[in-house]
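Subject: Structure for you to look at

Hello,

Here is the structure I said I would pass on. Please open it first, then read my notes below with the model beside you.

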Amino acid sequence: VAVVATDLDGDEASGSVSLSVSDDVPSVSVAGPATVVEGERITGSWSLVAGADGASTQVLFDGQAYDLDDAIDTGKGTLTVKGDGTWVFVAAAGLDHRQAQGLSFSLQATDG
């Protein structure tokens with residue numbers, strides 16, 4: 001942007017101002033325990049920094065997206081990521097321990 005300043009007796013000075021507007025991006029983090037005994041429950045938390053535009057959040061598990069507060073049957077238990085910033089996983093009982101029983105989920109925040 002060009003700027004011209006003129007004083008009372010007509011002297012002029014010119015200059016320019018450069019502006020850059022950066023679009024902020026949302027960030028999300030998840031915390032909680034990493035292990036659970038079958039048939040038991042664990043809880044954790046998550047947080048979102050939405051930025052100026054706001055953001056929507058979805059749960060990603062096994063290649064699919066789910067809404068917050070959906071009870072997700074993982075095949076190894078039920079995962080619910082709540083809109084209040086908490087999550088809960090209730091592990092199934094009677095799992096076959098000859099096979100690894102781990103799972104993971106993530107949250108995706110999309111800029112408004």
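Buried residues make up 18% of the 112 residues in the protein. Please keep in mind that this is a predicted model.

Overall layout

The protein has 10 strands and zero helices. Read from the N terminus, its elements run β-β-β-β-β-β-β-β-β-β. The radius of gyration is 25 Å, well over the 13 Å that the globule rule gives for 112 residues, so the protein is more spread out than a compact globule. Along the principal axes, the C-alpha atoms fill a box of roughly 90 × 25 × 20 Å.

Of the contacts between residues at least 6 apart in sequence, 49% join residues at least 24 apart.

Surface and charge

The accessible surface comes to about 7,600 Å², and carbon and sulfur atoms account for 50% of it.

The core

Which residues form the largest nonpolar core? This core has 11 residues: Ile 42, Trp 46, Val 59, Phe 61, Ile 72, Leu 79, Val 81, Trp 87, Phe 89, Ala 91 and Leu 107. Two or more residues each come from strand E4 (41-49), strand E5 (55-61), strand E8 (77-81) and strand E9 (86-91). E9 gives the largest share, three residues. As background, nonpolar side chains in soluble globular proteins tend to be buried together.

Phe 89 belongs to this core. Leaving out residues up to four places away in sequence, Phe 89 touches Val 36, Glu 40, Arg 41, Ile 42, Thr 74, Lys 76, Gly 77, Thr 78, Leu 79 and Leu 103.

Is Thr 80 buried or exposed? Its relative accessibility is 15%, and buried means under 20%, so Thr 80 counts as buried. Thr 80 is found in strand E8. Apart from neighbours within four places in sequence, its contacts are Asp 69, Asp 70, Ala 71, Thr 86, Trp 87 and Val 88.

Asp 69 lies in the loop between E6 and strand E7 (71-73). Not counting residues up to four places away in sequence, Asp 69 touches Thr 80, Val 81, Lys 82 and Gly 83. Asp 69 and Thr 57 are 12 residues apart in sequence, and their C-alpha atoms are 11 Å apart in space.

Two positive phi values

Most residues other than glycine have a negative phi. Asp 69 has a phi near 75°, a positive value in a residue other than glycine. Asp 62 also has a positive phi, near 55°. Where is Asp 62? Asp 62 sits in the loop between E5 and strand E6 (64-67). With a relative accessibility of 66%, Asp 62 counts as exposed.

Gln 108

Gln 108 is in strand E10, which covers residues 106-111. Its relative accessible area is 36%, so Gln 108 is partly exposed. Setting aside residues up to four places away in sequence, Gln 108 touches Ser 56, Thr 57, Gln 58 and Leu 60. Gln 108 and Ala 65 are 43 residues apart in sequence, yet 8.8 Å apart in space, C-alpha to C-alpha.

Regards

Definitions and conventions:
Residues are numbered from 1 along each chain as its sequence is written. This is a predicted model: local features need pLDDT of at least 70, side-chain atom pairs count only at pLDDT 80 or more; totals for chains, interfaces and linings use all residues. Side-chain values use heavy atoms; hydrogens and water are left out. Helices (H or I, at least four residues) and strands (E, at least two) are DSSP runs, numbered from the N terminus. The radius of gyration is taken over C-alpha atoms; the globule rule is 2.2 Å times the number of residues to the power 0.38. Buried means under 20% relative accessible area, exposed over 50%, partly exposed in between (1.4 Å probe, protein chains only). Contact means heavy atoms within 4.5 Å. Accessible areas come from the Shrake-Rupley method with a 1.4 Å probe; for residues, only the protein chains shown count as cover. A nonpolar core is a set of buried Ala, Val, Leu, Ile, Met, Phe, Trp, Tyr and Cys residues joined through side-chain atoms within 4.5 Å.
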